[in-house]
Amino acid sequence: MGKTKHAGRMKLPSMPAPGLWVSAVPFGLGKIKPHHIRDTMKVAWKNKDNLPYAFRILTQGVCDGCALGVSGLYDQTLEGPHLCTTRLNVLRLNTMPAIPDSKLFADVDELRRMNSAELRELGRIPYPMIREKGEKRFRRIQWDEAMDRIAAKYRSIEPKQSAFYLTGRGLTNETYYVAAKTARFLGTNNIDNASRICHSPSKTALKRSVGIGASSCNYNDWIGTDVLVFWGSVAAGNQPVSTKYMYAAKRKGTKIIVINPYREPAMDGYWIPSVAESALFGTKLADDLYQVDIGGDIDFMNGVMKVWFEMEKQQAGSAIDADFVKKHTNGFEQLKPHIESLNWADIVKGSGLSKERIEEFAKLLAGAKSAVFVWSMGLTQHRFATDNISQVANLALLRGFLGRKNCGLMPIRGHSGVQGSGEMGADPFSLPGGEFKGKDVERLESTWGFKLPTWQGDIVGVSLENAALPEDHERKLKLFYTSGGNFLETMPDPDSVKRQLEAVELRVHQDIMFNTSTLLDAKEAVIVLPAKTRYEQVGGGTSTSTERMVYFSPEIEGPRIGEAREEWRIFEDLARRVRPDDAAELLHFGDAAAVRREIAKAAPNYDGIQHLSKRGDVFQWGGAWLCEDGECPTPDGRGQLLAIESPNRYRPEGQFHVTTRRGKQFNSMVYSDIDPFNGAGRQDVLINEQDARKLGLTDGDEIVLHNKHGVFYGYARTNDVAAGNLEVFWPEGNVLLPKGVYEPHAGIPEYNTAVTMEKAEAYRSRKDISSLEKPVPELEMEPV
């Protein structure tokens, strides 16, 4: 862990910089862009019934949107207030009233005609409810009846036949911790969380490469670094406050590089509402874009290293920090011959980039004294994702971009709760403060006072698949307990997920609102438990930002919804009802402060959380930089360079790589049918103009994407996408994705594939003919 402390907030320059303006036309009039003022007014109107409470949440609470760590209107990076539309969109989840009984207890078929956005608009869940098999409506039950029913079911099955899942939306460290402890207390390791579906490969890769499981640096390291690289990350769209950090970086002379198959308009230029000149004229962000093929990042990075080794042959020290490599890494002797053995034709074909472009990027990094690498799901949601991230670590280690100012590795988080979820042990591979193995198990058993189950828990995708196992199978999923989340709209192959969820005997949805998965049948019953938000949590709660800042968010005075309870208390109650004799002694917390005191003991990095008790309280675990001065928390203190092979991304002739992207949404919660950055609709397919011309397509043409996994009906929309690649919106495009394909190290689902694209008219005509003759099988392919 690092010795240096966070440097604190930085000031923005006072004078404008016209050279960075996107347009001299005020407010970007006439351009396709978000309309922040209009959107803010819409949010105010939506919250008109609770405006004072909404204002207190914004000015007193820690943001429950992204993981930048804004407390009230301020963060630890820049002086001045910060507010973004993502936070404003999520705000209504906290201020909306209870669902009226007329809707709460309506015929379930009537509710099923609503999409998730319409269900969200109904309001908050006020009471515990149940819907037995064959019943068409939910009915209200008391908390005791609901919890006793769940506990009885748990006692009737094997622990391996149960599974817990926790979302990333607004949950606190306290909830993750008590849920993790409860699961192990009840004898199951089948517990998982939303973080793993986004960033689990970041943790597995960073652990094996440099011994850490979190960002090695801070947001203020962006400001003044020579090169800031966004790899498969659209931070401007998903973490809008980060655009203010990018603005500050640009003012310090930082070059911003984006590596992505699609030229995301939000990363080209952004109108930052909390910076006056940017709000008026916009700010140019990206200096360059490298349009790598979907899944071609490993080949691209191998090419970068190949250039560096070639440069070193010409002049020692021109590309690789030999002193850093010698003192702080292992594996150089294996990496160098591997890279030198690769041929340029394969690298160019695999990456989708020319040798000249790869050389250009390599030389840019070779000439930089500092760099920060930021990545997100463009690198993590692949079946070879851990290798993707270890490649990024390779680049940082070879250049010594680690453990010092303006350098580092940053897996930028999307939700406010997800950094803390794994650190609290809410996944099958983790325990609070460590891994589910060896001395960490012994340490937790000593702290908790009970033996942990020794078998390996399942990731949530496998747990759901286990619902289809034979009745007598020890891992047959019979009880699924989910805190938030909607797998119908987050996992590949939604039809298969629906069948899995309906095959579970008892399903428990602990949530603040309905979503489409809540309304699915179960073999015995569906129980719904009303949860409080983080702002209603008595005694407050904490969350951990991307940069390892642990923030205290106080309970905020305002209206309360029906019989909703703090989520950590619900898990504690379940433990007490399943094992009443033991729980009174081993799993009992009087208040939220007691949970934090135990976290400080169970997770050594979190020593300090016990002192957080009022608005504005915050501390950073690990210091400003992990791996400070190149010293990694590995057995020998050294980072590991790894020789990474190019993945096999088979794509039949005439097909396209396809991946998913986000629009105006928060996770699967879509807030607009039109993407404010490019004007695309949710059924639009982004395609390269030359590819469209070859297929005889023009904008708006009805098209079909299909493969052996599914069929997607949409509309062609030409845009600046790398040739041979397509982008569809998520979750709409999930029907094309393979089920049951997981990254081997981290268990993340595959979110990329290959498809055939046809005009809809031709596709329907071919299908009509084939139905009259003999079936025409789809081309078989491997996911890309």
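1. Let's start with a term you'll meet throughout: a residue is called buried when its relative accessible area is under 20%, exposed when it is over 50%, and partly exposed in between, using a 1.4 Å probe and protein chains only. By that rule Trp448, at 2% relative accessibility, counts as buried.

2. A word on what you're looking at. This is a predicted model, in which local features need pLDDT of at least 70 and side-chain atom pairs count only at pLDDT 80 or more, while totals for chains, interfaces and linings use all residues. Residues are numbered from 1 along each chain as its sequence is written, and side-chain values use heavy atoms, with hydrogens and water left out.

3. Now the overall build. The protein chain holds 29 helices and 29 strands; these are DSSP runs numbered from the N terminus, with helices being H or I of at least four residues and strands being E of at least two. Along its principal axes, the C-alpha trace spans about 75 × 70 × 55 Å. For 784 residues a compact globule would have a radius of gyration near 28 Å, and the chain's 26 Å agrees with that. (The radius is taken over C-alpha atoms, and the globule rule is 2.2 Å times the number of residues to the power 0.38.)

4. How much of the chain is buried? Of the 784 residues, 64% are. The accessible surface comes to about 28300 Å², and 52% of it belongs to carbon and sulfur atoms; such areas come from the Shrake-Rupley method with a 1.4 Å probe, and for residues only the protein chains shown count as cover.

5. Contacts next, where contact means heavy atoms within 4.5 Å. Among contacts with a separation of 6 or more, 78% are between residues 24 or more positions apart.

6. On charge, the chain has 99 positive and 101 negative charges, and their mean positions are 3 Å apart. Lys and Arg count as positive and Asp and Glu as negative, with His and the chain ends not counted. Each charge is placed at NZ of Lys, CZ of Arg, CG of Asp or CD of Glu.

7. Back to Trp448, by way of the aromatic pairs. Rings of Phe, Tyr and Trp (its six-membered ring) pair if their centres lie within 6.5 Å; planes under 30 degrees apart count as stacked, over 60 as edge-to-face and the rest as tilted. A search of the whole structure turns up 25 aromatic pairs. One of them joins Tyr177 and Trp448 edge-to-face, at 6.1 Å centre to centre and 70 degrees between the planes. Tyr177 sits in helix H8 (residues 173–185) and Trp448 in helix H22 (residues 438–448), so this pair ties together parts that are 271 residues apart in sequence. Tyr177 is buried, at 0% relative accessible area. Trp448 also pairs with Phe450, this time stacked, at 5.7 Å and 20 degrees, and both Trp448 and Phe450 are buried.

8. If you like rings, there's also a cluster to look up: ring pairs link Trp231, Tyr290, Phe300, Phe361, Phe373 and Phe401.

9. A few backbone spots to check. The peptide bond from Trp730 to Pro731 is cis, with omega near 15 degrees, and Pro731 is in the loop between strand S28 (725–729) and strand S29 (752–759). Phe27 is not glycine, yet its phi is positive, near 60 degrees; Phe27 lies in the segment before helix H1 (36–46) and is partly exposed, at 41%. Asp629 also has a positive phi near 60 degrees. Asp629 is in the loop between strand S20 (618–620) and strand S21 (639–640), and counts as partly exposed at 46%.

10. Helix H24 (residues 494–503) has Pro494, Ser496, Val497, Gln500, Leu501 and Ala503 as its buried residues. What covers them includes helix H23 (460–465), strand S15 (479–483) and strand S16 (506–511).

11. Last, two single residues. Which residues does Gly541 touch, not counting those up to four places away in sequence? They are Thr172, Glu174, Tyr551, Phe552, Ser553 and Arg596. Gly541 lies in strand S18 (residues 541–544) and is buried, at 1% relative accessibility. Lys437, in the loop between strand S14 (434–435) and H22, is exposed at 56%.
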